[in-house]
Amino acid sequence: MKSKAVPFSFKSLLTLTGGLVVAWCCVQLLGHSQAQTNHNRGAGSDNPGGLPTGIVWYGILTDGLEVAKESGRPIFLLSAAPQCAGIPGMW
Amino acid sequence: MDESFLSDKRLVEASRDFVCIRLATYESKEEAEFLQPLVRTRSGDLENTVFALMDPDATRTIGRTGRSPQQIYRHPGQLVDTMKKIAAAYPGKGDYVNRLPQMSDFRLALNVASCDGLPLVVAVGEQADRRNAMIKTLTTIAFGEALAGKFHYVAVAQPAELKSIDGFDEQAGAYVVVAPDRYGTSGSVVLQIQGDVTAEKLEQRLTETSLQQAKAVKHHHQHVREGVQTGHRWKTAIPVTDPGSIGAMKRMQRRQ
């Protein structure tokens, strides 16, 4: 019995596989791009028309420590120098 | 300081269960003495940045301390998970606040506001009772979601302290909202309101202002280079002990 001819040649199979790979890469890139966009939107930008909501910082140690003690809330403590190489206006 | 880490929305939400304190390193001897033992540094001295989570009595640290949150946590979500566990262990008295999150003096407040790219609300009152009344009013609105983290605050006794601020008119109002300049050494008035305004009205005006303002963005190298060229210098209250900063300042001096 004669075997039936295969509908796709090896070359066309390669072309189809290559096309699928390219399509998959495009989907991945688009997905990554969308995720990146969403991430950027998430960073305190719920107020795109103005100043973003942020952490409320006590700038005086004794004030913050007293509020923590009186309120029973834990402390998130940071310190940074408000100058870079002696130049103000930059942490 | 990586502001993108600290402005993560989940982190901002988690911070509401904490009392958040951010100090200006080298601007107070007493605060430096508190900070220095919290982080073991290679130099053995207080370096530019410190990060710690602490119990409400500030008698012990919780988890690892370091130079910054991102030194310890790979991404904000990790820190948020830790903060949630700590908040559950110390539920505290909800939204109790009785102090304004303010800075210690105008000069430092203007610089810090500039570093953050945010406006500064100044309560000007020569008499202590009047100044305290304004601070009390600001305290009632500073933590509301409409304004939380959008402004810095400071109270001053002498209007003359605002002499470097463009557009300041002593008669125009005791609440002065200032947009700091790039170097936080000057600025301009964006809003002035009378000191006897109600908290509701003040909140409304500040909210409107917050919608009209945008957070200033600066580029680190350009800022420092141009700061050197234009002769802007910051004198710290106590000597800088961070070897990296000392080296950078020496290199700057040699270039001049």
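This short report walks through a sheet in chain B and the helices around it, as seen in a predicted model.

## The sheet

Let's start with the strands. In chain B, 5 strands make up an open sheet with mixed pairing, and their order is β4-β3-β6-β7-β5. The edges belong to β4 (152–156) and β5 (165–166) of chain B; each has a single partner strand, so one side of each is left without a neighbour in the sheet.

Further in, β3 (residues 120–124) of chain B runs antiparallel to β6 (residues 175–180) of chain B, and 4 bridges join the pair. For a spot to look at, take B:A123, whose bridge partner in β6(B) is B:Y175.

## Helices on the sheet

Helix α8 (residues 199–212) of chain B packs on the sheet, where it touches β6 and β7 of chain B. The direction of α8 makes about 145 degrees with that of β7(B).

Helix α6 (residues 106–116) of chain B lies across β3, β4, β6 and β7 (187–193) of chain B. Relative to β4(B), α6 runs at about 165 degrees.

## A closer look at α7

Helix α7 (residues 128–142) of chain B has 15 residues, which at 1.5 Å a residue should span 21 Å; the end C-alpha atoms are 20 Å apart, in agreement with that.

Which residues of α7(B) are buried? They are B:M134, B:T137, B:L138 and B:A142. Viewed down the axis of α7(B), these buried residues fall within an arc of 130 degrees, so they line one face of the helix. That buried set packs against β3, β4, β6 and α8 of chain B. On the other side of α7(B), you will find B:A128 and B:D129 exposed.

Key:
Residues numbered from 1 in each chain as written. Chains lettered and ligands numbered in written order. Predicted model: local features only at pLDDT ≥ 70, side-chain atom pairs only at ≥ 80, totals over all residues. Pairing = 2+ DSSP bridges. Helix = DSSP H or I, 4+ residues; strand = E, 2+ residues; numbered from the N terminus. Contact = placed C-beta atoms within 7 Å. Axes fitted to C-alpha atoms, helices over the stretch in contact; angles between N-to-C directions. Expected span 1.5 Å × (residues − 1). Buried ≥ 20, exposed ≤ 12 C-beta atoms within 10 Å, placed from the backbone. Arc of directions from axis to C-beta.
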